[in-house]
Amino acid sequence: VDHAYPGTYAFVADRFRAVVQDLVVQDINDARAAWIYERIVRFHSLSAVRHSVAGGTEASGFSAYHNHELMSKALVSLAHIYSKSNGDDGVRSDYHACYLLMHASDSLIAASHVRTLTRGVQRSGPVTHALAVLRAASSGDGLALLRLVQGLPLEALG
């Protein structure tokens, strides 16, 4: 276990919070902002995986709840930027799938989000996989859910 990581995590998370604050204050919602939010989501997702794989505890200074909240807020901002601009559906579909998985416990949010997606994104591999995971979870099909979750990249489990 990397004992320096909690301090590194705290520093990077704090810097990202400052950057997000600047984006909000300056009302920046363009491709550069999307790129930044994509990095923030990836950081928090990988941090969650790293923390869970290392068997870390909340006492280490890492809060899974706080990390989840920061990632969720970044995903909401990213979805807003995506809805206002055109871009690479391939990249966007990964983050839309992550958004869906983050809201797996609320089918209304997930369904509402799917309706905002372009047909191309709705039919993309990551989004169709995320939707299959949500269907298996909501139907209580544990075996299908296990198979589908095994097909997810680690950062999607953050």
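Visitor: In which helix is the place of Val114, and is Val114 buried or exposed?
Guide: In this model, which is predicted, Val114 has its place in helix 5, made up of residues 107–116. Buried means under 20% relative accessible area, and Val114, at 18% relative accessibility, therefore counts as buried.

Visitor: How many aromatic pairs does a search of the whole structure find, and what is the angle between the planes of Tyr9 and Phe43?
Guide: The search of the whole structure finds 2 aromatic pairs. One of them is formed by Tyr9 and Phe43, whose rings are 5.4 Å centre to centre and stacked. This pair links distant parts of the chain, with Tyr9 in helix 1 (residues 5–25) and Phe43 in helix 2 (residues 31–53), 34 residues apart. Both Tyr9 and Phe43 are buried, and the angle between their planes is 10°.

Visitor: Why is the pair of Phe16 and Phe43 edge-to-face, and which residues form one aromatic cluster?
Guide: The ring centres of Phe16 and Phe43 are 5.5 Å apart and their planes stand at 65°, so the pair is edge-to-face. Phe16 in helix 1 and Phe43 in helix 2 are 27 residues apart, and their pair links distant parts of the chain. Phe43 counts as buried because its relative accessibility is 15%. One aromatic cluster is formed by Tyr9, Phe16 and Phe43.

Visitor: How many salt bridges does the structure hold, and what is the N to O distance between Arg17 and Asp14?
Guide: Side chains of opposite charge can pair when their charged atoms come close. The structure holds 4 salt bridges, among them one in which the side chains of Asp14 and Arg15 meet at 2.7 Å, N to O. Arg17 and Asp14 are 3 residues apart in helix 1, so about one helical turn separates them. Their side chains also meet in a salt bridge, with an N to O distance of 3.4 Å.

Visitor: Are Asp14, Arg15 and Arg17 buried or partly exposed?
Guide: Asp14 has 31% relative accessibility and therefore counts as partly exposed. Arg15 has a relative accessible area of 40%, which makes this residue partly exposed, and for Arg17, at 35%, the description is likewise partly exposed.

Visitor: With which residue does Arg32 form a salt bridge, and which residues do shared partners join into one network?
Guide: Arg32 forms its salt bridge with Asp30, and the closest N and O atoms are 2.7 Å apart. Arg32 counts as exposed at 58% relative accessibility, whereas Asp30, at 28%, counts as partly exposed. Salt bridges that share partners join into one network the residues Asp14, Arg15 and Arg17.

Terms used:
Residues numbered from 1 in each chain as written. Predicted model: local features only at pLDDT ≥ 70, side-chain atom pairs only at ≥ 80, totals over all residues. Heavy atoms only, no water. Helix = DSSP H or I, 4+ residues; strand = E, 2+ residues; numbered from the N terminus. Buried < 20%, exposed > 50% of the residue type's maximum accessible area, 1.4 Å probe, protein only. Phe/Tyr/Trp six-rings, centres within 6.5 Å; stacked < 30°, edge-to-face > 60°.
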